[in-house]
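Below is a colleague's note for someone opening this structure for the first time. The points are numbered and can be read alongside the model.

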Amino acid sequence: MMDSKLKESIKSFINNVHTKNYSKANAELKKAIEYKIQERIKKAYKKDLF
Amino acid sequence: MSNITDILKEAAKDVLTEDSLQAIEETFNEQLDSKAEERSKIAVAAALNEQDEKYAAKLETLLEAIDKDHCRKLEKVVESLDTDRTNKLKQVIAKYQRELNNEAAKLRDTVVESISDYLETYIDQAIPAKSIQEAVNNKKALSILENFRKTLGVDLALANESIREGVVDGKKRLDDASSRLTHLTEQRDALASELVELKKTIFLQEKTKSFDEKKSKFITKTFSGKDLEFIRENFDYTVKMFDKKHTDALEVLKEDAISKSQIKEDVNQKLTTESVKSGNPYIDVLSKIL
């Protein structure tokens, strides 16, 4: 199940690419990547890797 | 009817020969036939024209009526067809819009999923997983080592015989002192509660020593289970309340006695005398009520 925030940021990224607003698209892509990394960190905490 | 030959024979029987008469008759008959034919043709043509005009007028009326009827029917047909087609078109539009929205939503979800998968792959490639794994392993190893150090340090100290005995002895003393403390605390609590009860009893005895037995009992019963502070605060109020009740009861009895004495005047004198002699019956009745 994809996180709702991640989904929203990807949607926003697509929308901004479509409207050629590349700076905002870049920001949204960064956000999406951050969410992905946070997801992984959460998983690592759950597995007691840290 | 006599024909033209007989007429001409009678009119000019000596002038014209038989052949001439025959020729005249033929010519006459031919002319007559042709004229008759012309006349009949004209009459037929006129009749036909008249009939034609009449039929034409009727046909026009009929055509107009048929035309109007057909127009009305066609209008109805067009109207119903129009409504039917409009409804169908609306349904088609709604269906296509629904399908379009569903398709668009599916496509959007698919694109989002694809981008998410791509980002996963990108992060897998971009982040040095080996280095992070190594760092995590090192940290884990460090924490494990720290725990080992703590555990082993205590174990080494306890491994020494004299230290172990000291520790055991200290623990025993601590346990004894703890149990004694618990016992003493319980005793102290019991003594404190007894002291409080005694103080309460002494206070009530001192305050109620001038009262009669009923009043003392009432006061003691009212304050049973209450703490000393509460008794000090409410003692005067309780005594006043008892006195008021007592006075009210006396008033009621007096009124009752007076009303009875007014009904029987002869007996009243005796009863009054007896009541004065007998002491205080109202107080006895009051004491029974209270």
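**Notes on the predicted model**

1. B:Asp6 counts as exposed, because it has 12 C-beta neighbours inside 10 Å and a residue with 12 or fewer is classed that way. This is a predicted model, and that applies to every point below. B:Asp6 lies in helix H1 of chain B. Its C-alpha atom is 9.7 Å from the C-alpha atom of B:Glu25, a residue 19 places apart from B:Asp6 in sequence.

2. Helix H1 of chain B covers residues 4-11 and helix H2 of chain B covers residues 18-126; their axes come within 9 Å and cross at roughly 135°. H1(B) is therefore oblique to H2(B). The crossing is right-handed. On the H1(B) side the contact is made by B:Ile4, B:Thr5, B:Leu8 and B:Lys9, and on the H2(B) side by B:Leu21, B:Ile24, B:Glu25 and B:Phe28. Sorted by class, the contact of H1(B) with H2(B) has five nonpolar residues, one polar residue and two charged residues.

3. Chain A has two helices and zero strands. Of its 50 residues, 14% count as buried. How do the axes of H1 and H2 of chain A cross? Helix H1 (residues 4-18) and helix H2 (residues 22-46) of chain A have axes that come within 8 Å and cross at roughly 160°. H1(A) is therefore roughly antiparallel to H2(A). The crossing of these two helices, H1(A) and H2(A), is left-handed.

4. The residues at that crossing can be listed helix by helix. H1(A) brings A:Lys5, A:Leu6, A:Ser9, A:Ile10, A:Ser12, A:Phe13, A:Asn16 and A:Val17, which meet A:Lys24, A:Ala25, A:Glu28, A:Leu29, A:Lys31, A:Ala32, A:Tyr35 and A:Lys36 in H2(A). By class, the contact of H1(A) with H2(A) consists of eight nonpolar, three polar and five charged residues.

5. One residue in the loop between H1 and H2 of chain A is worth a look: A:Lys20. A:Lys20 is not a glycine, yet it has a positive phi of about 60°. A:Lys20 is exposed, because 7 other C-beta atoms lie within 10 Å.

6. Next, the contact between the chains. Chain A gives 12 residues to it and chain B gives nine residues. On the side of chain A that touches chain B, H1 and H2 of chain A each supply at least two residues. H1(A) has the largest share of that side, with five residues. The side of chain A that touches chain B holds nine nonpolar residues, no polar residues and three charged residues.

7. Which helix of chain B does H1(A) cross at roughly 105°? The partner is H2(B), and the two axes come within 10 Å. H1(A) is therefore roughly perpendicular to H2(B). From H1(A), A:Leu6, A:Lys7, A:Ile10, A:Lys11 and A:Ile14 meet B:Val111, B:Val112, B:Ile115 and B:Ser116 in H2(B). The contact of H1(A) with H2(B) has six nonpolar residues, one polar residue and two charged residues by class.

8. The largest nonpolar core includes residues from both chains: A:Leu6, A:Ile10, A:Phe13, A:Ala32, A:Tyr35 and B:Val112, six residues in all. H1 and H2 of chain A each supply at least two residues of this core. The largest share of the core, three residues, comes from H1(A). Leaving out residues up to four places away in sequence, B:Val112 touches A:Lys7, A:Ile10 and A:Lys11. As background, nonpolar side chains in soluble globular proteins tend to be buried together.

9. A last point concerns B:Thr238, which lies in helix H6 (residues 228-263) of chain B. Is B:Thr238 buried or partly exposed? B:Thr238 is partly exposed, because it has 14 other C-beta atoms within 10 Å. B:Thr238 touches B:Ile219 and B:Thr222, when residues up to four places away in sequence are not counted. The C-alpha atoms of B:Thr238 and B:Thr222 are separated by 8.2 Å, and the two residues are 16 residues apart along the chain.

Methods:
Residues numbered from 1 in each chain as written. Chains lettered and ligands numbered in written order. Predicted model: local features only at pLDDT ≥ 70, side-chain atom pairs only at ≥ 80, totals over all residues. Axes fitted to C-alpha atoms, helices over the stretch in contact; angles between N-to-C directions. Helix = DSSP H or I, 4+ residues; strand = E, 2+ residues; numbered from the N terminus. Parallel < 35°, antiparallel > 145°, perpendicular 65-115°, else oblique. Left-handed = near helix turned anticlockwise from the far one by under 90°. Contact = placed C-beta atoms within 7 Å. Nonpolar A, V, L, I, M, F, W, Y, C, P; charged D, E, K, R; others polar. Core = buried A, V, L, I, M, F, W, Y, C linked by C-beta atoms within 7 Å. Buried ≥ 20, exposed ≤ 12 C-beta atoms within 10 Å, placed from the backbone.
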